[in-house]
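Subject: Structure handover and findings

Hello,

Here is the structure we discussed.

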Amino acid sequence: MEFQSYFPIWDKLNKADKDRITGNLITRKVTKGTVIHNGSMECTGLLLIKAGQLRAYILSDEGREITLYRLFERDMCLFSASCIMRSIQFDITIEAEKDTDLWIIPAELYRSIMEESAPVANYTNELMATRFSDVMWLIEQIMWKSLDKRLAEFLLEETSIEGTEKLKITHETIANHLGSHREVMTRMLKYFQNEGMVKLSRGMIEITDAQKLGSICDE
């Protein structure tokens with residue numbers, strides 16, 4: 001499928017803007033682990049995922065990571081073009097969690113179209129509001145939910161994303177998602193294992209009692 005069928009408001013663009021986008025559109029394939037955007041890079045542009053999976057996270061001064069949100073097929077990443085939003089003052093890193101095919105609309109081009117097109121401006125504002133809502137939801141989780149509940153929710157979410165109860169994921173990776181330390185995740189996962197909810201092996205976590213994990217989330 002082509003870009004036109006993925007871009008949500010393609011039919012609302014005029015012919016001139018459609019031609020400008022198609023004439024400047026960048027197609028890119030990135031492998032798992034590739035950093036597509038961070039604060040030290042030039043403004044990347046607007047990302048639209050054709051296939052794959054991206055992760056947006058922030059990094060503390062101490063080097064700890066925490067995932068803000070994740071992006072899947074047909075999702076669009078606006079923070080990778082944060083230079084078009086003068087009010088955004090924090091750095092976000094965008095990394096490929098899986099091999100990913102994506103399109104990039106250059107930032108300056110998108111800003112130019114956004115300034116002239118009401119549909120594009122409205123869509124951009126809606127997308128920005130959605131992402132900030134994701135971030136606010138995360139802050140609520142960190143402030144009000146215990147780490148065992150957040151870990152249980154993460155594991156159940158992973159099984160849904162991957163379509164399997166056998167997750168190829170390290171304790172370090174989970175810690176990076178949740179803004180914690182590997183040692184803390186290891187202790188908590190061992191507790192989950194002792195309670196019969198998971199089975200741990202090298203580089204693998206198998207969910208053995210999803211219902212019990214879900215009960216932790218509901219407590």
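The protein has 8 helices and 11 strands. Please keep in mind that the model is predicted. The C-alpha atoms fill a box of roughly 60 × 35 × 30 Å along the principal axes. The chain has 219 residues, and 46% of them are buried. Its accessible surface is about 11,800 Å². Carbon and sulfur atoms account for 49% of that area. Contacts between residues at least 6 apart in sequence were also examined: 69% of them join residues at least 24 apart.

Strands around β4

Start with β4, residues 54-59. Strand β4 pairs with β5 in the antiparallel sense, over 6 bridges. The two strands form a hairpin, with 5 residues between them. Gly-63 sits in that turn and has a positive phi of about 90°.

Thr-67

Which side chains make polar contacts with the side chain of Thr-67? One is Arg-55, at 2.7 Å. Another is His-177, at 2.6 Å. Thr-67 belongs to strand β5. Thr-67 counts as buried because its relative accessibility is 8%, and the cut-off is under 20%. Setting aside neighbours within four places in sequence, Thr-67 is in contact with Arg-55, Ala-56, Tyr-57, Leu-138, Asn-176 and His-177.

Salt bridges

How many salt bridges does the structure hold? The count is 15.

Glu-95 and Arg-55 meet through their side chains, at 3.6 Å from N to O. This pair links distant parts of the chain, 40 residues apart. Glu-95 is in strand β7 and Arg-55 in strand β4. Both residues are buried. Arg-55 also has the polar contact with Thr-67 noted above. Glu-97 lies in the loop between β7 and β8 (100-105), and Arg-70 lies in strand β5. They are 27 residues apart, and the pair links distant parts of the chain. Both Glu-97 and Arg-70 are buried.

Lys-212 and Glu-195 meet in a salt bridge at 3.6 Å, N to O. Lys-212 is in helix α8 (residues 210-218). Glu-195 is in the loop between α7 (182-194) and β10 (198-201). This pair links distant parts of the chain, 17 residues apart. Buried or partly exposed: which applies to Lys-212? Lys-212 counts as partly exposed, because its relative accessibility is 32%. Glu-195 is partly exposed as well, at 34%.

The network joins Asp-17, Arg-20 and Glu-116 through salt bridges.

Nonpolar surface patch

Met-136, Ile-139, Met-143 and Trp-144 form a nonpolar patch on the surface. Together they have about 490 Å² of accessible area. Met-143 is in helix α4, residues 118-144. Is Met-143 buried or exposed? Met-143 counts as exposed because its relative accessibility is 53%, and the cut-off is over 50%.

A backbone detail

Most residues other than glycine have a negative phi. Arg-74 has a positive one, near 75°. Where is Arg-74 found? Arg-74 is in the loop between β5 (65-71) and β6 (76-77). At 36% relative accessibility, Arg-74 counts as partly exposed.

Best regards

How values were computed: Residues numbered from 1 in each chain as written. Predicted model: local features only at pLDDT ≥ 70, side-chain atom pairs only at ≥ 80, totals over all residues. Heavy atoms only, no water. Helix = DSSP H or I, 4+ residues; strand = E, 2+ residues; numbered from the N terminus. Buried < 20%, exposed > 50% of the residue type's maximum accessible area, 1.4 Å probe, protein only. Polar contact = N/O pair within 3.5 Å; in protein donor to acceptor, adjacent residues only side chain to side chain. Contact = heavy atoms within 4.5 Å. Patch = residues over 30% accessible without salt bridge, like charges linked within 9 Å, V, L, I, M, F, W, Y side chains within 5 Å. Areas by Shrake-Rupley, 256 points an atom, 1.4 Å probe, with all protein chains shown as cover. Salt bridge = Lys/Arg side-chain N within 4 Å of Asp/Glu carboxyl O. Pairing = 2+ DSSP bridges.
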